[in-house]
Amino acid sequence: MMMRLILWLAGGILLGGVIHLVTVLLLPRTATQDAYSRLAPITPVNSVVPIPAPTAEKSIMPFMDPAFATAVCRYDLTRGPLKLAAPVSPAYTSVSFYTRNGVAYYAINDRAAGRRVIELDLMTTAQRAQLPEDEDVTAADRLIVESPTGVGLIVIRALAPEPGSMGAARATLAQAKCQPQQ
Amino acid sequence: MRFLLGLLLCLVVAAFVGLGTTLVALTSGVAFGAFTIGSWTAWLKNGTADIDPYARAMIARNGELPTGLGDGIAFFARSDDNGKPLDGRCDVVVSGSTPQARFWTITLYDSQGQLIGNPINRQNFTSQEIIRKLNGDFEIQVAPRARAGNWLPTGGVARYVLLLRLYDTPIGVTTRAGREVSMPAITTSSCP
């Protein structure tokens with residue numbers, strides 16, 4: 001009797017371990033308050049829009065850096081690759097790429113890009129495989145980013161080192177573009 | 001009958017253990033690969049595609065977008081150098097220097113990651129605007145009431161979090177936590 005009870009308990013604990021792993025792995029797919037879901041209502045697909053700076057009253061996402069002007073391009077690659085062009089601000093500009101579930105799979109800053117405008121081609125792995133051979137050769141001076149998911153977020157951020165330069169940082173981001181390739 | 005009772009017990013235990021551990025793991029902030037210097041901790045892999053499943057679940061739950069590693073590194077501090085949780089009713093001094101970076105920002109949040117309102121509307125300092133000593137070090141007074149110099153108001157909240165973000169920094173996954181990188185010291189000087 002005792003033995004059987006212990007066996008049932010041990011079985012329960014083992015099964016509990018399985019439930020733990022499954023829930024942790026499945027949780028990102030079921031989350032309704034993740035960054036993408038929060039941004040979806042205010043960001044049209046495949047265009048760059050400014051995101052309000054965080055304040056004490058309201059912040060779209062937790063732990064946003066208030067020293068930055070932020071713009072988001074919520075992308076959908078199902079109809080083809082995207083082209084992103086983001087001019088850099090005098091201080092510091094970065095472009096970060098996130099999957100649908102908020103995984104930061106790629107990020108680059110103005111110095112690493114080494115130009116006055118950060119230019120990137122964003123495509124899925126399948127779309128990249130379809131690129132013609134000769135285009136791949138010229139790709140040396142084209143920065144290609146592969147998205148692990150068909151949809152996701154590009155976050156463009158420009159630093160305002162002093163509060164007075166926030167306007168200039170916003171103005172730089174206003175010129176950023178993300179649009180389907182011709 | 002005895003079999004059914006046993007099975008029921010087994011399932012109840014499984015549900016408690018499974019869901020309970022998931023809840024504890026996600027609310028207490030279990031994350032692997034912590035990179036700690038002094039009171040400051042960063043999770044470098046959280047800014048890459050190699051982020052672990054627990055951090056992934058936590059991010060999905062709180063709606064945060066982690067800082068990409070190609071952008072910068074975010075160091076979190078929830079307690080002072082003596083391990084005392086950061087208390088907004090106390091006077092806390094953050095002093096010293098940061099590791100090499102083109103820019104850095106230090107920001108005060110409540111434990112949910114929201115900014116805290118205050119009369120002078122100051123929630124952060126950037127490396128450009130902070131007042132430094134002659135040797136380049138700085139000292140930030142994190143306190144509920146006005147202080148001279150770099151005052152970061154706490155609004156008197158019970159618990160807060162400091163985030164030091166380094167942008168364009170040579171510190172990366174290959175850096176070893178150790179003597180070569182110095183982070184600001186955090187000391188609680190007085191509590192009411």
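How many residues of chain A are in contact with how many residues of chain B? Hello everyone, let me start there: 51 residues of chain A touch 54 residues of chain B, where contact means that two C-beta atoms, placed from the backbone, lie within 7 Å.

A word on conventions before we go on. This is a predicted model, so local features need pLDDT of at least 70 and side-chain atom pairs count only at pLDDT 80 or more, while totals for chains, interfaces and linings use all residues. Residues are numbered from 1 along each chain as its sequence is written, and chains are lettered from A and ligands numbered from 1 in the order in which they are written.

The elements giving two or more residues to it are α1 (2-30), α2 (35-39), β4 (93-99), β5 (104-109), α3 (110-113) and β8 (151-159) of chain A. Helices here are DSSP runs of H or I with at least four residues, strands are runs of E with at least two, and both are numbered from the N terminus. The largest share, 16 residues, is supplied by α1(A). By type, this side of chain A splits into 31 nonpolar, 14 polar and 6 charged residues. For that count, Ala, Val, Leu, Ile, Met, Phe, Trp, Tyr, Cys and Pro are nonpolar, Asp, Glu, Lys and Arg are charged, and the others, Gly among them, are polar.

Now chain A as a whole. Chain A holds 6 helices and 9 strands. Its radius of gyration is 21 Å, well over the 16 Å that the globule rule gives for 182 residues, so chain A is more spread out than a compact globule. That radius is taken over C-alpha atoms, and the rule is 2.2 Å times the number of residues to the power 0.38. Along the principal axes, the C-alpha atoms of chain A fill a box of roughly 75 × 50 × 30 Å. Of the 182 residues in chain A, 42% are buried; buried means 20 or more other C-beta atoms within 10 Å of the residue's own, exposed means 12 or fewer, and partly exposed is in between, with C-beta atoms placed from the backbone. Among chain A contacts with a separation of 6 or more, 71% are between residues 24 or more positions apart.

Which residues have the most contacts inside the largest nonpolar core? They are Ile154(A), Ile156(A) and Leu159(A), in a core of 87 residues. A core, here, is a set of buried Ala, Val, Leu, Ile, Met, Phe, Trp, Tyr and Cys residues joined through C-beta atoms within 7 Å. Do look at Leu159(A): leaving aside neighbours within four places in sequence, its contacts include Phe68(A) and Tyr92(A), and also Phe103(B) and Tyr167(B).

Next, a sheet in chain A. Four strands form an open sheet in the order β7-β6-β3-β9, with mixed pairing; strands pair if DSSP finds at least two bridges between them. At the edges are β7 and β9 (177-180) of chain A, each pairing on one side only. Inside the sheet, β3 (residues 82-87) and β6 (residues 117-124) of chain A pair antiparallel over 6 bridges. Within that pairing, Lys83(A) stands opposite Asp121(A), and Leu82(A) has Leu122(A) as its bridge partner. On to the parallel pair: β6(A) is joined by 4 bridges to β7 (residues 144-147) of chain A, with Met123(A) opposite Glu146(A).

And chain B? Chain B has 2 helices and 10 strands, running α-β-β-α-β-β-β-β-β-β-β-β from the N terminus. Its C-alpha atoms fill a box of roughly 80 × 40 × 30 Å along the principal axes, and 34% of its 192 residues are buried.

Chain B has an open sheet of 4 strands too, in the order β8-β7-β4-β10 and with mixed pairing. Here β8 (150-153) and β10 (185-190) of chain B stand at the edges with a single partner strand each, so one side of each has no neighbour in the sheet. Strand β7 (residues 138-143) of chain B runs parallel to β8(B), joined by 4 bridges, and Val142(B) has Leu152(B) as its bridge partner.

Elsewhere in chain B, 5 of the 6 residues of β3 (residues 72-77) are buried, so this strand is largely enclosed by the rest of the structure. Strand β3(B) pairs antiparallel with β9 (residues 160-167) of chain B over 6 bridges, and Ala74(B) stands opposite Arg165(B).

One last stop: is Pro119(B) buried or exposed? Pro119(B) counts as exposed, with 8 C-beta neighbours inside 10 Å, and lies in the loop between β5 (103-110) and β6 (124-126) of chain B.
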